Amino acid sequence: MLILNFEPSAGERMRLKRTRFLKIFPLVIFLIFIFYLTPHPSSSVLVKIQKNQNLSVLPFSASDIKVIQELKTVWIAEIKTELLSKFLRARIQGEVLDSEPEGKPYYLVNITHEEQINKLRKLGNVRKIENHTCLFWCARENVREILPPEVQIKRLPSRTSLTLRSESFPSAEENKFRNFRQSDPVILQMVNQVSKANLSSYILSLQDFKTRYASTLNCEASGTFLYNFFNQVGVQSEYDPFSFRSDYSSRNVVATIPGKVAPNYAVVVGAHYDSYSQQPFTLAPGADDNGSGTAAVMEIGRILSRYPFNFTVKLICFSAEEWGLYGSQHYAFHARQSGEKIIAVINLDMVAYTDRVPEDLDIIVNSNSEWLADKYISSTQTYAPMDLLKIINPSFVYSDHSSFWDEKYSALCGIEDENPSNPNYHKITDTLDTLNMDFATSVTKASLAVAADLAEPVSTPRPPTGLTSRSQVSSSLFSSIKTTYLSWHPSQDEVQGYNIYRTAISHASYQKLNSALLDRTSYVDSFLNPDTVYYYVVTSVDGQGRESNNSEEVRDNENNK
Amino acid sequence: MICRKFSKSLAAIILVFAWTQMAGFLRAEEMLPRFSVSLSAGCFFPQQKSFRQLYGSVQFPLNLEVNYVLSPQMDLFAGLRCLTSKGETEIVGAEFVPESHPIDFSLYSGRLGIAYYFLRTRLSLFMGAGLSYNFYKEKWEDTEISAKDKKFGFFAQGGTEYSLGKRYSFVGRIEYSSIPTKESSKLQKKINLGGLELSLGFCCRL
């Protein structure tokens, strides 16, 4: 019997392997190609959910829904794809707006008539959300420039603090600031300082930048102008830089008047300073939109800087509002993330055009901010009467207050009556000469009164006056000392006593010298270095322990001659 | 620095001079008692006006001195001087409110010098010079403020000695001293603690 034992050689084995690999390789490549060509289901979908339904029992966890916009009748949210079937089975009234939302910039667009929807369809994807609200997105990044100038837009935030639950905000902790105080003569004094001439001058200065379209150098220059302005009037300001789109950056200007009693609570008065027109890169004077609101914030800052408040006042000029609220979205998001306690936001946007006299100011709020509209109305009636119209409309999301709504802060938008709207809106003809500065002055007075009322002027005794200081040097053979003799006029208010403060750096780093309140109006500061110049201020303290502002500062030898 | 160099030179001269005088003395026929101790008190008039303003025009120091006779004309002496005083601070510049602080001053000096006697009779005349090492302290009584330091100084003196017998004598002396410091204050730049001193004392030969 012949047995043939076939054992391939090593070279033969290699050849067989290579042949097998060459047969399999094209198959693998083909499968990979097919895999990439096959459309993948997105991990989430964009939906709108009707508000007028019982959502108390959801077929999934509320945290699985990322609410990115609340409007009057609907929420816009992202939900996970695998939950969509449950969502539909639960018969929740809603609609899938886009099945592949990842990374897409969506814009809410305000439409006034149906024809606009057809125009928008030619430019990109459109879904009607509500009567006057559409969702728009397209492949191009410069959405502001391709949309008609007359439409208002808001870029949908990619994240918010909103949920489907009906919550009231501010929180219970912040509710304590809703107290409605009685008339305060100090606020009246502030209101009377609002200057129409100043407002005109500010608007003219902003208009003179030719354009303040965010992304232009002129816009950044106007930001610098605002930064310098606040610093010049004594309000510490800082830039809040942010980037938008993929390649642009700009800065909010944030000026802060720190509160004396609870500085971690803030009242925000804001307005956007960027502008837009048909020729945004060369000419967008934006006197009404929004030089007027910005001017009001400047004037409010100038006046409030002179007074102490219980709570912090923040004067914020936002940028890139016209691009879709980028500046305020950046600020509000980070405020919420950092736990900033904002009592209320007063956003002023277009407050100087009137089609009739007297004109009324629309106060637009969402339902959770209704208290703020009531506060605005009551404070205005007390200190700076004017016609106001309260409108509760969560769908009015086309200005910076909306960014704060998204982060569950109470905010309102003060805006001129819309019917008819300013014919120069987003046009190169939006200039100072078309504005009614009496109306702008009234709005500024009202807003100042509300801001001051919310921030609560510190009710303290007046600071002592007539502080004088003389110093003399005593010397032995080897050592010398300086002694300062201070005296001041008795306070005209009922005070418990006085505090004396000293510093070696003028207007900074004061240190209290007395351990107990002084009941006399003089003080001797001894054993000082004769080679150092010292500066002093005195304050008065009332029976409730409230301390006045500092008196005028004096140098130690101020009255030696 | 200059003062220190000068002091060292002066000390060297004194030592050389004393050595030569000692040699002559050993050859002298009539031997004198070698040691004497004197105690004197006097009136010190500070040279700087600021010192006088603070502590008064006249101070009263005490001197204890030991003399060693090197030769009939030459004595080597070493001593201690003590001056304490109380005063009040002064206002420098404009004064609006009367203000003064009590102050204490003390000066302790160790001294080494040489005296040359022109004649040694019942009434002797001498002149001398030497170095002093001075400890001074000024303190404000109502505060913690104080200043203290150590400084070299020098002095020159002339005087007379009236012998009451073989052992005892009266000594009268006039002396100028200089104790420069590098300190200064609003009242005085370049403080010098020296001045003129008149003193009278009693001397006992051992």
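Reply: Begin with handedness: a crossing is left-handed if the near helix is turned anticlockwise from the far one by less than a right angle, and right-handed if clockwise. This is a predicted model, in which local features need pLDDT of at least 70, side-chain atom pairs count only at pLDDT 80 or more, and totals for chains, interfaces and linings use all residues. Residues are numbered from 1 along each chain as its sequence is written, while chains are lettered from A and ligands numbered from 1 in the order in which they are written.

Me: How many helices and strands does the secondary structure of chain A come to?

Reply: Helices (H or I, at least four residues) and strands (E, at least two) are DSSP runs, numbered from the N terminus. Chain A has 13 helices and 23 strands.

Me: At what angle do helix α11 and helix α13 of chain A pack?

Reply: Two packed helices are described by the angle between their axes and the distance between the axes. Axes are lines fitted to C-alpha atoms, for helices over the stretch in contact, and angles run from 0 to 180 degrees between N-to-C directions. Here α11 (residues 370-383) and α13 (residues 437-455) of chain A pack at about 110 degrees, their axes 8 Å apart. The pair α11(A) and α13(A) is therefore roughly perpendicular (under 35 degrees is roughly parallel, over 145 roughly antiparallel, 65 to 115 roughly perpendicular, the rest oblique). The crossing of α11(A) and α13(A) is right-handed.

Me: Which residues make the contact of α11(A) with α13(A)?

Reply: Lys375(A), Tyr376(A), Ser379(A), Thr380(A) and Tyr383(A) come from α11(A), and Ala446(A), Ala449(A), Val450(A), Asp453(A) and Leu454(A) from α13(A). Contact is a matter of C-beta atoms, placed from the backbone, lying within 7 Å.

Me: In what order do the four strands of the open sheet in chain A lie?

Reply: Two strands pair if DSSP finds at least two bridges between them. In chain A the order is β6-β7-β5-β8, with antiparallel pairing. At the edges are β6 (125-130) and β8 (153-155) of chain A, each pairing on one side only. From one strand to the next, the twist averages 25 degrees. Helix α3 (residues 115-123) of chain A packs on this sheet and touches β5, β6 and β7 (133-137) of chain A. The direction of α3(A) makes about 145 degrees with that of β6(A).

Me: How many bridges join β5 to β8 in chain A?

Reply: Three bridges join β5 (residues 107-110) to β8(A), and the two strands run antiparallel. Val109(A) has Ile153(A), in β8(A), as its bridge partner.

Me: How many residues does each chain give to the contact between chains A and B?

Reply: Chain A gives 16 residues and chain B gives 26. On the side of chain A, β17 (468-475) and β18 (480-487) are the elements that give two or more residues. The most, five residues, come from β17(A). β17(A) also pairs with strand β4 (residues 90-92) of chain B, antiparallel, over three bridges. Ser475(A) stands opposite Glu90(B) of β4(B).

Me: Is Gly159(B) buried or exposed?

Reply: A residue is buried if 20 or more other C-beta atoms lie within 10 Å of its own, exposed if 12 or fewer, and partly exposed in between, with C-beta atoms placed from the backbone. Gly159(B) is buried, because 20 other C-beta atoms lie within 10 Å. Gly159(B) belongs to strand β7 (residues 146-163) of chain B. Not counting residues up to four places away in sequence, Gly159(B) touches Phe126(B), Val171(B), Gly172(B), Arg173(B) and Ile174(B). In chain A, 45% of the 561 residues are buried.

Note on methods
Contact = placed C-beta atoms within 7 Å.
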